[in-house]
Amino acid sequence: MATISGSTRRWAHARAAGYWTATVAVAAELAVGGVWDIARIPYVSDMVTHLGYPSYFLVLLGTWKVLGAIALLVPRGALVKEWAYAGVFFTYTGAVVSHLTTGYAVGEVWVLSMLTALTVVSWALRPSGRRTGHSTGHRTGHFAER
C-alpha cells in the first residue's frame, strides 16, 4: 500500500482551498451581479448604457450569470462547467475591453481583471471530478487510436 507524504497531503489541501476560495468568489459575483443585471438596478443600467449596450442585454447577461454560478457550484456536469468557465471568461474579458475602449468607469478594469484571474485559478485548480475526460489526460473517443 502506497503512503501519501505530508507534503503531498498539504499540497492537496492547499489546492482544494485555492479552488474553493476562487470558485466561491467568482460564483458569488456572478450570482449577485446576475440578480442586479436582471433587476436592472440603476448603477448597472447606467454603466451598460454608457458602455453602449442596450438595456435588454442586462436580462440576458444576468440570466446567464446566475446559471453560470449554479453550474460552477453544483457537483457533476463537467461539460456544463467547461462552458460556464468559458462564458465567465468571455464576460469578464469583454467587460474589460468595453471599459477600455469607451474610457467609461476605467476604475472597474482592475476588479474585472481580478475576477478574470480568479476564474482562471478556479478552472486550473478544479478537482478531477469537475473536469471533462479530455482535460484529465484520458484519451477517449475515436481519436484515441491515433
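Here is a chat about the predicted model shown above.

Student: Hi! How confident is the predictor, in terms of mean pLDDT for the chain?

Tutor: The mean pLDDT is 91, and 89% of the residues reach 70 or more.

Student: And where does pLDDT stay under 50?

Tutor: That happens over residues 135-146. The model has eight contacts beyond four places in sequence for that stretch.

Student: OK, on to packing. Which residues touch the most other members in the largest nonpolar core?

Tutor: Val26, Leu30, Leu72, Val88 and Tyr92 do, in a core of 16 residues. Two or more residues each come from helix H1 (6-39), helix H3 (56-73), helix H4 (78-102) and helix H5 (109-125).

Student: Which element gives the largest share of this core?

Tutor: H4, with five residues.

Student: Let's zoom in on Val88. What is Val88 in contact with, leaving aside its neighbours within four places in sequence?

Tutor: Val88 contacts Val26, Leu30 and Thr119.

Student: Are Asp37 and Lys65 buried or exposed?

Tutor: Asp37 is buried, at a relative accessible area of 4%. Lys65 is buried too, at 12%; the cut-off for buried is under 20%.

Student: What about Glu82, which residue does Glu82 form a salt bridge with?

Tutor: Its partner is Arg126, and the closest N and O atoms are 2.6 Å apart. Glu82 sits in helix H4 and Arg126 in the segment after H5, so this pair links distant parts of the chain, 44 residues apart. Both Glu82 and Arg126 are buried.

Student: Last topic, backbone. What is the phi of Arg76?

Tutor: Positive, about 65 degrees, although Arg76 is not a glycine. Arg76 is in the loop between H3 and H4, and is exposed with a relative accessible area of 65%.

Student: And where is Ala105 found?

Tutor: In the loop between H4 and H5. Ala105 also has a positive phi, near 50 degrees, in a residue other than glycine. With a relative accessibility of 25%, Ala105 counts as partly exposed.

Key:
Residues are numbered from 1 along each chain as its sequence is written. This is a predicted model: local features need pLDDT of at least 70, side-chain atom pairs count only at pLDDT 80 or more; totals for chains, interfaces and linings use all residues. Side-chain values use heavy atoms; hydrogens and water are left out. A nonpolar core is a set of buried Ala, Val, Leu, Ile, Met, Phe, Trp, Tyr and Cys residues joined through side-chain atoms within 4.5 Å. Buried means under 20% relative accessible area, exposed over 50%, partly exposed in between (1.4 Å probe, protein chains only). Helices (H or I, at least four residues) and strands (E, at least two) are DSSP runs, numbered from the N terminus. Contact means heavy atoms within 4.5 Å. A salt bridge is a side-chain nitrogen of Lys or Arg within 4 Å of a carboxyl oxygen of Asp or Glu. pLDDT is the predictor's confidence in each residue, from 0 to 100.
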